[in-house]
Amino acid sequence: MTTSEPGGARPAVAVSVRDLRIETTSGVPVVMDVSFDIGSGEVLGVVGESGSGKTTVGLALLGHARRGLLITGGEVLLGDEDILSLGDEQLRRLRGSLVSYVPQDPASSLNPALRIGVQLREVLEAHSASRGNNHDERIAEMMREVALADDPNYLRRYPHELSGGQQQRVGLAMAFANRPRLIVLDEPTTGLDVTTQATVLSTVRELAAAHNVAALYVSHDLAVVAALARRVAVMYSGRVVELGLAEELFESSAHPYTRRLVGAIPRLTGGRSLLGIPGHAPSPGRRPPGCAFAPRCTLHIPECDAEVPPLASVGPQHSARCIRAAEVLKHTQAKPGDPVDMVGGDAGSAVLTLENVVARYGKTEVLHSINLQLEHHECLAVVGESGSGKTTTARSIAGLHRDWTGSIRLGDQELETSARSRSTESRRQVQYIFQNPYGSLNPRKTIGETVGQPLAVFGLAKGREAESRVAEMLEQVSLSAGYARRYPDQLSGGERQRVAIARALISSPSILVCDEVTSALDVSVQAAIVELLGTLQRDLGLSMVFVTHNLPLVRSIAQKVAVLSEGSIVEYGETAQLLADPQQPYTQQLLANTPSLDTATAEALHSERRQAVVER
Amino acid sequence: MSQTENPPVVDDGEETISTPPVRSTALVARAMRLWRTRIGAFLVLLLVVVAIVGPFIAPHTATYFAAIPNSPPGGDAGILGTDYLGQDVLSRFLYGGRGILIMAAVSTAIGVFFGVAIGLVAAYARNALDDVLMRSMDVIMAFPQIMLALVAVSLVGAQAWVIIVAIALTTAPRVARVARGAAQPVVERDFVEATESMGVSRFRIITGELLPNILGPMMVESSLRLTYSIGVIAALAFLGLSPDPNGANWGTMIQQNEIALSTQPWGALAPIIAIALLTMGTGLFGDGIARTAAGIDRERGEE
């Protein structure tokens with residue numbers, strides 16, 4: 001394969017992947033023609049959406065293939081040794097010493113029954129002949145490296161006594177313990193708060209640089225990768241479609257897919273509508289003979305379908321798998337979307353008022369006297385880190401969380417605490433969309449039954465009329481009426497979330513409460529869902545409470561923002577103003593720690609952010 | 001409403017997962033691909049047919065005296081010989097399944113019905129009611145099934161309804177436990193809350209949202225409970241506690257004819273084989289379904 005990576009100021013190559021090919025046991029290719037090098041001390045980012053093969057590639061670097069998959073070709077050279085040619089026993093010795101792995105979920109990768117000190121010791125003992133107490137000093141050193149306390153009491157803790165970020169840092173300590181030459185990080189910060197994420201990321205960066213470790217960082221989050229990696233490989237449909245320096249890749253991408261992907265990312269600067277990518281990524285076995293992105297590409301020409309384009313050089317240290325790359329590069333990369341045309345709420349027409357809302361879980365008070373107002377035709381974003389109480393706020397509004405006091409008014413009508421004791425009319429008026437579309441649809445019901453349920457419950461329509469309303473609603477959320485007869489497990493995550501939106505909107509509510517509705521979805525899907533919600537809000541005159549931890553996303557949908565921290569509102573105001581000029585230190589901190597493509601490329605901000613991290 | 005299978009018009013950058021939806025009918029159909037399920041279903045069907053059709057094709061009535069007691073097969077004694085009173089074993093065998101099967105089926109059905117109801121209510125309540133229900137189930141479960149049945153029968157008498165009630169009563173708590181266990185993770189899922197936020201009644205949530213999601217494990221559990229019910233009813237009959245002590249009943253037959261096992265084994269052996277095959281059949285069938293359900297779960301987990 002062509003893997004032209006012209007030299008430059010590059011560190012010595014530590015790991016070299018050549019023509020990697022992975023197939024299912026039945027011979028369907030999953031990953032093809034993947035080639036790249038990683039220099040020692042360098043972090044290579046691999047980004048892609050679900051199903052692109054990024055995790056599969058990451059695991060192949062450890063000589064591992066998930067069940068049902070086989071590594072059928074290529075080599076992974078670590079120095080002179082080809083990892084893929086090693087036997088099980090040699091691989092076992094290699095893993096944890098020369099190559100190591102940090103998995104996505106720290107909670108499930110640490111043994112809950114063993115103290116962390118014991119687990120750290122295990123890693124050292126597994127790869128050294130000596131046993132006993134002479135590891136104590138080394139363990140303490142490892143803990144200091146990842147900025148954790150090194151005293152014996154801390155080491156005697158169990159994983160559940162640590163926070164998610166601390167658990168992940170223990171994971172990092174274990175991965176770096178034996179000074180590996182290669183480390184594979186598989187979305188280690190997914191599920192962590194931005195502040196925690198920022199510290200984990202800086203730990204990775206510093207450790208990799210300090211110990212000359214080559215790191216492969218797999219992520220779906222372009223902003224995170226841009227902040228961490230020097231070079232980035234973009235994967236689509238099992239192939240690397242673009243490879244280059246991070247700044248270059250995100251500012252002037254040579255592949256149309258990368259451009260669309262960058263366009264789908266919400267940005268902190270400028271409220272812009274997000275653009276989803278139309279169509280589906282083809283699944284393995286159904287990939288077209290030519291460029292896999294061709295069916296969704298706006299620059300598609302007949303030649304694209306002839307054969308898979310080679311990964312050709314388009315500049316120093318920059319290559320792309322597109323025959324029209326030169327033309328793509330001629331256009332300057334447009335900033336994503338148009339500025340969002342946000343109609344402000346109608347002032348003085350509060351549809352929802354929260355006054356002194358105090359919510360508890362058992363004896364713990366999780367919300368302290370919340371006051372909020374949602375105006376007609378307004379979208380209010382409630383942002384905060386995990387544990388800030390943002391979801392509890394949303395659940396209290398919908399009557400799903402029952403243990404609250406204070407006053408929530410719908411118009412001028414007081415709402416009862418629990419949904420069950422509210423009037424049918426107020427239940428119809430306030431609709432809730434859940435975070436996880438995989439859990440919010442009953443797997444035993446057809447989409448038609450699910451979407452039609454509110455009609456029956458609220459007595460709005462039945463029989464033929466209900467059926468046609470369901471069909472209408474499905475088309476409104478860009479699904480076809482034919483979906484009514486399908487079951488949830490036949491749908492993708494984005495499609496399921498559309499179904500959940502349809503279920504919420506079919507009863508024509510006045511208020512829509514969205515709880516992290518895009519956090520389980522890919523960026524391009526997230527963009528499409530936010531686009532849809534924005535359109536529906538404008539067209540149907542909805543008022544919306546949009547709960548999220550994703551600050552840049554707020555820019556693209558909400559007119560007002562309330563920042564929540566530890567159960568209190570710390571800042572509230574117009575979106576543009578609040579994000580541009582935050583008044584409270586907490587908000588400033590939150591914004592500083594949010595990885596973003598805009599800031600990632602600006603070196604000054606970069607170091608500033610690290611400074612902020614160190615100060616914490 | 002459009003009747004065509006429209007192509008997806010979604011603009012999500014994702015592929016659609018095309019696993020077939022799993023409903024209980026689909027589950028049985030998939031389970032039938034396994035040999036154990038097929039063999040189990042065949043055995044159960046065979047013995048059900050024997051029990052139902054038996055009385056119509058039996059050469060004599062159940063109490064017909066064919067020859068001298070304990071005659072080996074052949075001649076007047078018929079294909080399977082005669083029992084300890086000289087009655088035709090084949091006829092008694094053909095008559096003897098119906099009672100056991102009906103009582104087992106009815107008592108298991110009642111037990112499963114109440115068990116599932118109690119289990120679902122307990123799982124959905126998540127409060128003191130849950131504890132009260134499950135602890136009272138534990139109390140009933142503290143007695144071995146056969147002991148409770150024996151006590152009931154010796155107090156009230158060996159009538160069919162007593163046996164059915166006793167077995168249903170002891171089946172229910174065991175089913176309730178499994179139902180509650182299966183329903184607990186379902187109760188936590190968001191779609192239950194989604195229906196709660198609409199104000200759907202508790203009854204409708206339990207029957208419409210929870211029940212369909214635990215049908216798989218409940219089918220497995222029902223076939224297992226049926227196996228036990230057959231065993232208990234046969235055991236009671238073996239102890240002489242059957243509704244009609246003179247009538248034909250596989251359990252009674254084993255007891256009556258065990259003394260002649262060495263000279264005329266068929267009197268005891270035929271019902272023993274029948275009961276063994278029946279319980280094996282329900283067991284294999286249930287196991288096949290359990291394996292299929294587990295297999296489905298595993299496939300889904302890997303997506």
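Trainee: How many helices and strands does chain A have?
Mentor: This is a predicted model, so keep that in mind. Chain A has 23 helices and 22 strands.

Trainee: And what about chain B, how many helices and strands there?
Mentor: Chain B has 11 helices and zero strands.

Trainee: Back to chain A. What radius of gyration does it have?
Mentor: Chain A comes out at 25 Å. A compact globule of 616 residues would be near 25 Å, so the two agree. Its C-alpha atoms fill a box of roughly 75 × 65 × 45 Å along the principal axes.

Trainee: Let's talk sheets. In what order do the six strands of that open sheet in chain A run?
Mentor: The order is β18-β19-β20-β15-β21-β22, with mixed pairing.

Trainee: Which strands stand at the edges?
Mentor: β18 (430-433) and β22 (568-574) of chain A do. Each has a single partner strand, so one side of each has no neighbour in the sheet. On average, neighbouring strands in this sheet are turned by 15° against each other, direction ignored.

Trainee: How many bridges join β18(A) to β19 of chain A?
Mentor: Four, and the two strands run parallel. One pairing to find on screen: A:V430 has A:I511, in β19(A), as its bridge partner.

Trainee: Which helix lies across those two strands, β18 and β19 of chain A?
Mentor: That's helix α17 (residues 493-505) of chain A. It runs at about 170° to β18(A).

Trainee: New topic, helix α5 of chain B. How far apart are its end C-alpha atoms?
Mentor: They are 17 Å apart. At 1.5 Å a residue, the 12 residues (145-156) should span 16 Å, so that agrees.

Trainee: Which residues in α5(B) are buried?
Mentor: B:Q145, B:A149, B:A152 and B:V153. They cover an arc of only 95° around the axis, which puts them on the same side of α5(B).

Trainee: Why would residues spaced like that point the same way?
Mentor: An α-helix has 3.6 residues a turn, so residues three or four places apart point the same way.

Trainee: What covers the buried residues of α5(B), and what is on its other side?
Mentor: The cover includes α6 (160-187) and α9 (215-238) of chain B. On the other side, B:M147, B:V151, B:S154 and B:L155 are exposed.

Trainee: Which residue just after α5(B) takes a positive phi?
Mentor: B:G157, with a phi of about 120°.

How values were computed:
Residues are numbered from 1 along each chain as its sequence is written. Chains are lettered from A and ligands numbered from 1 in the order in which they are written. This is a predicted model: local features need pLDDT of at least 70, side-chain atom pairs count only at pLDDT 80 or more; totals for chains, interfaces and linings use all residues. The expected span of a helix is 1.5 Å times one less than its number of residues. A residue is buried if 20 or more other C-beta atoms lie within 10 Å of its own, exposed if 12 or fewer, and partly exposed in between; C-beta atoms are placed from the backbone. The arc is that of the directions from the helix axis to the C-beta atoms. Two residues are in contact if their C-beta atoms, placed from the backbone, lie within 7 Å. The radius of gyration is taken over C-alpha atoms; the globule rule is 2.2 Å times the number of residues to the power 0.38. Two strands pair if DSSP finds at least two bridges between them. Axes are lines fitted to C-alpha atoms, for helices over the stretch in contact, and angles run from 0 to 180 degrees between N-to-C directions.
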